Amino acid sequence: MAVKAKKRRIGRSFAESIVDVIIYSVLAILGISCVLPFIHLIAISLSGAVAVGSGKVTLWPMDFSIDAYRFAIEHPSFLRAFSISVARTVVGILISLTMLVITAYPLSKSYEACPPARIFKGMMIIAMLISGGLVPMYLVMSWIRLTNTFWALVIPGSLSLWNCFMVMNYFRSIPSELEEAAVVDGANSFQILVRVYLPLSVPIIATMAVFVGVGHWNDWFSGMLYIARSQNYPLQTYLQQVITIPDFSKLTLEEMKKYAEVNNKNNQAAQILIATIPILLIYPFLQRYFMTGLTLGGVKG
Amino acid sequence: MRTVIDAPPAVQKRKKRLKTDYMLCAMLIPGSIYLIIFDFFPLFGLVIGFQDFQLAKGILGSKWVGLENFKYLFTMYPNFWRIVSNTVQIAALKLCFGFTAPIIVALMLHEVRHIRYKRTIQTLVYVPHFISWVILAGILRTMLDPSDGIVNYILNLLGHESVYFLGENSTFRGVLVVSDVWKGFGWGTIIYMAALTGIDPALYEAAIIDGAGRFKRMWHITLPGIMPFIILNLILSVPGILNAGFDQIFNLYNERVYKTADVLDTFIYRLGIVDAQYDLSTAIGLVKSAISAVLLVTSYKIANKFYDYKVF
């Protein structure tokens, strides 16, 4: 290490310093480019409507005003969508984690102990390879009466097969001596899972919770596909309706007025930002767990 | 890694005494029900693609028409081949740029010696990955607005006329590719950064002693160090060639740009859900799914053979 540092200091020519400057500045530009759009949006959300309409707001608010945020938090359909999203994220995480753990555990054991695991893995591979697609899935959902219910948002997708493999690989990395000790004490498989495996699997479970939680918070499509009434939309589906321009010819005058209010640029920006805040709040955890999640129980080479 | 290899035999030895563990088997019940309902029922639903399907008559009552739906789509349906070509073109463009950008950025990050600076940049570039396309589309629409968007404001300052980026066939694909690369490049560096930490520092020391300059070191040590990951990544991204990015396109496009931006997934959605042409929509979905499955198996086999890549 010492040799390297010394050599570098001596060997760094003028040309190499220039390269350094270029690399550092390109990276700085790239890094800033990833947050600049959000700063621009913050500026818009805090500006007066007239200033926004003039298109001159850049990175700092003009005619400072918090009306847009007041509009958002006083707007019943926004609040409702927000709370539906919170509920589906919490419930979705709970259901998904239960499904993942309870499915991955038997799969991590030998086929002698659990013969159906062989068939189950075959089913998983088929399911990963080919899917019925949009229409058959929709028809199945309406056939089992899940459409237009809250459960349509949390049950499909609750067992991600890819995540299941990751949890399975993690379980396999836990030394079997611990389990043998529990067997001697007379514990059954379920007790071993809950008392021995789960406490040792906190990193992978936290990672999965974060994966699933972000997925639920960001999902808009299942809301649009399975939920007919817009007052039951989760937040991202609600926002999707707000940002896309509807067919004006089909709207009544009353609806047009309402549209103009909700879709006023400031209000739109404030609503988008409020939807982003939860992600930014847990961002430090996100970064940590996503990184470990990619190495933990991941792909074996 | 050692424990991973050691675990199964030890487990097997014990299980032989215990024989089949029924509680363990019972734990697979919820997962099996889930797979049957949400994966296998829709697979049976694929037969709709071979029927003149009518919702009132159901799958059992609808008339079978063999390959009529496919024939109609492939030979008669207006714009079908344009949609296929749009899909492949957009996906290929995204793959080209979205694949190389993370490699270049990772190589640059590797050259940064100030750990704090490196961490800060990494923290910033991961952000867009976690934001949904709905929100990003909202931001893009705001920024690219032809009348009061910031981008056109800057263009006007530079003496250029305003451009309706999301409404012109000439610019729409550019917006798709740039915004997709922007969203993913930071996240894409992670796998390479992990690989780069695995390179033996002694190699660099030896190279410096041998008088190798910075680019020589990058070319002969850093790049070969991550090459297996680059190729593996490339092999595994090929099956996505029919996925042009539904979330992104659906939230940005409009009728004016269907000519260049309408892709298989948006078409399947409109045909199936908006126009209620269930049989046609299912038929295209089936073809797409089948092609993807073949590509997936092939690329997995290749990755498995040359790089010992395993999921199970």
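A residue is called buried here if 20 or more other C-beta atoms, placed from the backbone, lie within 10 Å of its own. By that criterion, 30% of the 312 residues in chain B are buried. The structure is a predicted model, in which local features need pLDDT of at least 70 and side-chain atom pairs count only at pLDDT 80 or more, while totals for chains, interfaces and linings use all residues. Residues are numbered from 1 along each chain as its sequence is written, and chains are lettered from A and ligands numbered from 1 in the order in which they are written.

Chain B holds 16 helices and 2 strands, where helices (H or I, at least four residues) and strands (E, at least two) are DSSP runs numbered from the N terminus. Its radius of gyration, taken over C-alpha atoms, is 25 Å, well over the 20 Å of the globule rule (2.2 Å times the number of residues to the power 0.38), so chain B is more spread out than a compact globule.

Turning to the meeting of the chains, 89 residues of chain A are in contact with 88 residues of chain B, contact being C-beta atoms, placed from the backbone, within 7 Å. On the chain A side, helix α2 (residues 14-33) contributes the largest share, 9 residues.

Chain A itself is divided into domain 1 (12-65) and domain 2 (72-295), with bounds from an automatic or database domain assignment. Between these domains, 7 residues of domain 1 are in contact with 7 residues of domain 2. On the domain 1 side, α3(A) gives the most, with 4 residues.

Terms used
A residue is buried if 20 or more other C-beta atoms lie within 10 Å of its own, exposed if 12 or fewer, and partly exposed in between; C-beta atoms are placed from the backbone. Two residues are in contact if their C-beta atoms, placed from the backbone, lie within 7 Å.
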